[in-house]
Amino acid sequence: LDSKTGQPILELFDELVADGLSIFMVTHDPSVAHRCPRVISLHDGEVVKDENNARHRVNVEGMQLSPA
């Protein structure tokens, strides 16, 4: 998704999570992963990192992205 389309979808995901739903998302975009509370990194099909994420605000393509 482009950044204009992606932002409302990520905000919807934030609302769904706040309502108690779980979202399983796969991305190669570190700015998208950064807003998630948990990030599992894979390499060659193996888990190489499983960490809680501080969910900091990030700036991508001139747009501020901030989690709910």
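**Exercise 1. The largest pocket**

Task: State which helix and which strand each supply at least two residues of the lining of the largest pocket, and describe this lining.

Solution. Step 1: Helix 1 and strand 1 (38-43) each contribute at least two lining residues. Helices (H or I, at least four residues) and strands (E, at least two) are DSSP runs numbered from the N terminus. The model is predicted, so local features need pLDDT of at least 70 and side-chain atom pairs pLDDT 80 or more, while totals for chains, interfaces and linings use all residues. Residues are numbered from 1 along each chain as its sequence is written, and side-chain values use heavy atoms, without hydrogens and water.

Step 1: The largest pocket holds about 800 Å³ of space. A pocket is an open set of points on a 1 Å grid over the protein atoms alone, where a 1.4 Å probe fits, with protein on both sides within 12 Å along at least five of seven lines; lining residues have an atom within 4 Å of a point. The volume is the space filled by probe spheres set on the points.

Step 2: The lining of the largest pocket comprises 24 residues, of which Met-25, Cys-36, Arg-38, Val-39 and Ile-40 are the closest to the centre.

**Exercise 2. The fold in outline**

Task: Give the numbers of helices and strands in the protein chain and their order.

Solution. Step 1: The protein chain has two helices and four strands. Step 2: Along the sequence they follow the pattern α-α-β-β-β-β. Step 3: The protein chain has 68 residues, and 22% of them count as buried, where buried means under 20% relative accessible area, exposed over 50%, and partly exposed in between (1.4 Å probe, protein chains only).

**Exercise 3. The buried side of helix 1**

Task: Identify the buried residues of helix 1 and explain why they share a side.

Solution. Step 1: Gly-6, Gln-7, Leu-10 and Asp-14 are buried in helix 1. Step 2: These residues lie on the same side of helix 1 because they cover an arc of only 105 degrees around the axis, the arc being that of the directions from the helix axis to the C-beta atoms. Step 3: An α-helix has 3.6 residues a turn, so residues three or four places apart point the same way.

Step 3: Asp-14 has a relative accessibility of 11%, and therefore counts as buried. The side chain of Asp-14 makes a polar contact of 2.4 Å with the side chain of Arg-35. A polar contact is a pair of N or O atoms within 3.5 Å; within protein, one must be able to donate a hydrogen and the other to accept it, and residues adjacent in sequence count only if both atoms are side-chain atoms.

Step 4: Glu-11, also in helix 1, is partly exposed because its relative accessibility is 38%. The side chain of Glu-11 is joined to that of Gln-7 by a polar contact of 2.8 Å.
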